[in-house]
Amino acid sequence: MTKILVDVIVFLLLVISCAAALSDRTANRDRVVLVLYTGGTIGMKLTPDGYRPYPLEDGILESEQFHNKSYDFSETEDHIKNNYIPLLTLPFYKEKRTLYHIQQYRELLDSSNMNMTHWIMIAKDIQKYYNDFDGFVVLHGTDTMAYTASALSFMLENLTKPVIVTGSQVPIYEVMSDGSANFHGALVIAGHHPINEVTLYFNHKLFRGNRVTKRSTEDFDAFESPNHPPLATIGISVHVNHAGNTGIGPFKIHTTLNENVGVLWFYPGITSAIVKSFLQDPIKGVVLKTFGSGNLPEHLVEELKNGCDKGIMIVSTSQCAVGQVTDDYFGKMLKKARVIPGADMTTEAALTKLSYLLGRSDLSDEERKQMLQRNLRGELTVKIHNAIPYQASCNGEEFVSSKQHCNGNRKI
């Protein structure tokens, strides 16, 4: 009996030792990132018809900043170096390297032509290559980048790897371009920092993907996150403010989106007839852009109620960038019309969340309404007094305020 016990203990110690060794090798090995190049300004060139997206040239990708030609790939896993050619590598960072492969889509798009079909294609590619890579970077045009980042945040459930959307204001081939810095920074973060959610990286800042909106057509500081601080910033060092959301179930994707959604922007003098004409088939979901904290002209309440009675899901968000729809105004009229409060969601987040929830055939309308008010992926700030748990954040803890951070500020 004693010998059996000793044998069991020796066996367990051996298993623990092997597991620790494997963990060390995994922790110390180089990171491998897949880049999905969809098009956008970052790869554009000037043509007689204006700027058009082109394949990224080898000359750019093989510059010293983006590729170390002397790197020895002998220790790289065979299925990676044999199946993903060319495999490029960044210079050493924190005694590790980021290896990456670029998959260029056959049809490179100006992002103004991006639609839900392309979001689904990106999500499916991330699922297809999920087990082979440690992180993903999506190169994308800036005009609809915030919509794509928001959509992917809902479509990709229980992420355990970073997905970073980035691009540039000026093509990477031009002298005064922000493309190299944005691309390089996204690769470094995707390869070395476990911020495991959909994010948007631009001008040295990493934002939660469903919290951003484009603020400028001219500045390199093109995006802002008015109701949530950056998750990380890059200067001389990388400062991580939030460790990212950790899914509590198996990774999966949602690829059924409802395209019959729209945005209705209120303005002084808008008529009931205009609202009525908007709330017609085939519309199934509407994001209202209301005044201030959720106010609107009283004469529109009846048409909104009629729309809700027809089964249209209507969510209210504020025209103001900072703050949210509150009960003080919301309770007076919109609640009477059964419009759903959208808290401080951006237009991009509210629209893509509606599309995602309306595409979920496993949900009832009542469940969709409840989930619109829940913090599913960190997209809204939930008041503490009526908090609904955010199931995939802060390692499963209740996420009642988007301004809470799980780890505090870390300098890496």
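These entries go from the whole chain to single residues.

**Overview.** I am working with a predicted model. I counted secondary structure first: the chain has 11 helices and 20 strands. Then I checked burial. Of the 412 residues in the chain, 53% are buried. I also looked at how far apart in sequence the contacts reach. Taking contacts between residues at least 6 apart, I found that 71% join residues at least 24 apart.

**Helix α5.** I asked how many of the 11 residues of α5 are buried. The count is 10, so α5 is largely enclosed by the rest of the structure. I listed the buried ones: M145, A146, T148, A149, S150, A151, L152, S153, F154 and M155. Next I looked up two helices that pack against α5, namely α4 and α10.

**α4 against α5.** Helix α4 covers residues 116-128 and α5 covers residues 145-155. Their axes lie 10 Å apart, at an angle of about 50 degrees. That makes the pair oblique. I noted the hand of the crossing as right-handed. On the α4 side, the contact residues are W119, I120, I122 and A123. On the α5 side, they are Y147, T148, A151, L152 and M155. I sorted this contact by residue class and got 8 nonpolar, 1 polar and no charged.

**α5 against α10.** Helix α10 spans residues 347-358. Here the axes are 8 Å apart and the angle is about 40 degrees. The crossing is right-handed. From α5, I found A146, Y147, S150, A151 and F154 in the contact. From α10, T347, E348, A349, L351, T352, K353 and Y356 meet them. The classes here come to 7 nonpolar, 3 polar and 2 charged. Y147 and A151 meet α4, and Y147 and A151 also meet α10.

**L90.** I found L90 in the loop between β4 (88-89) and β5 (98-109). Is L90 buried or exposed? L90 is buried, with a relative accessible area of 3%. I looked up its contacts beyond four places in sequence: Q65, F66, R97, T98, Y100, H184, L187 and V188. I also checked the spacing to N68. L90 and N68 are 22 residues apart in sequence, yet 6.2 Å apart in space, C-alpha to C-alpha.

**Cysteines.** I searched the whole structure for disulfides and found 0. C308 has 14% relative accessibility, so I count C308 as buried. C320 is at 41% and counts as partly exposed.

**Cis peptides.** I85 and P86 are joined by a cis peptide bond, with omega about 0 degrees. P86 sits in the loop between α3 (78-83) and β4. A cis bond also joins D281 and P282, with omega about 10 degrees. P282 is in the loop between α7 (272-278) and β17 (285-290).

**Positive phi.** H204, which is not glycine, has a positive phi near 70 degrees. I placed H204 in the loop between β9 (198-202) and β10 (205-208). H204 is partly exposed, at 38% relative accessible area. R338 has a positive phi near 65 degrees. R338 lies in the loop between α9 (327-330) and β19 (340-341). At 41% relative accessibility, R338 is partly exposed.

Technical notes. Residues are numbered from 1 along each chain as its sequence is written. This is a predicted model: local features need pLDDT of at least 70, side-chain atom pairs count only at pLDDT 80 or more; totals for chains, interfaces and linings use all residues. Side-chain values use heavy atoms; hydrogens and water are left out. A disulfide is a pair of cysteine sulfur atoms within 2.5 Å. Buried means under 20% relative accessible area, exposed over 50%, partly exposed in between (1.4 Å probe, protein chains only). Axes are lines fitted to C-alpha atoms, for helices over the stretch in contact, and angles run from 0 to 180 degrees between N-to-C directions. Helices (H or I, at least four residues) and strands (E, at least two) are DSSP runs, numbered from the N terminus. Angles under 35 degrees count as roughly parallel, over 145 as roughly antiparallel, 65 to 115 as roughly perpendicular and the rest as oblique. A crossing is left-handed if the near helix is turned anticlockwise from the far one by less than a right angle, and right-handed if clockwise. Contact means heavy atoms within 4.5 Å. Ala, Val, Leu, Ile, Met, Phe, Trp, Tyr, Cys and Pro count as nonpolar, Asp, Glu, Lys and Arg as charged, and the others, Gly among them, as polar.
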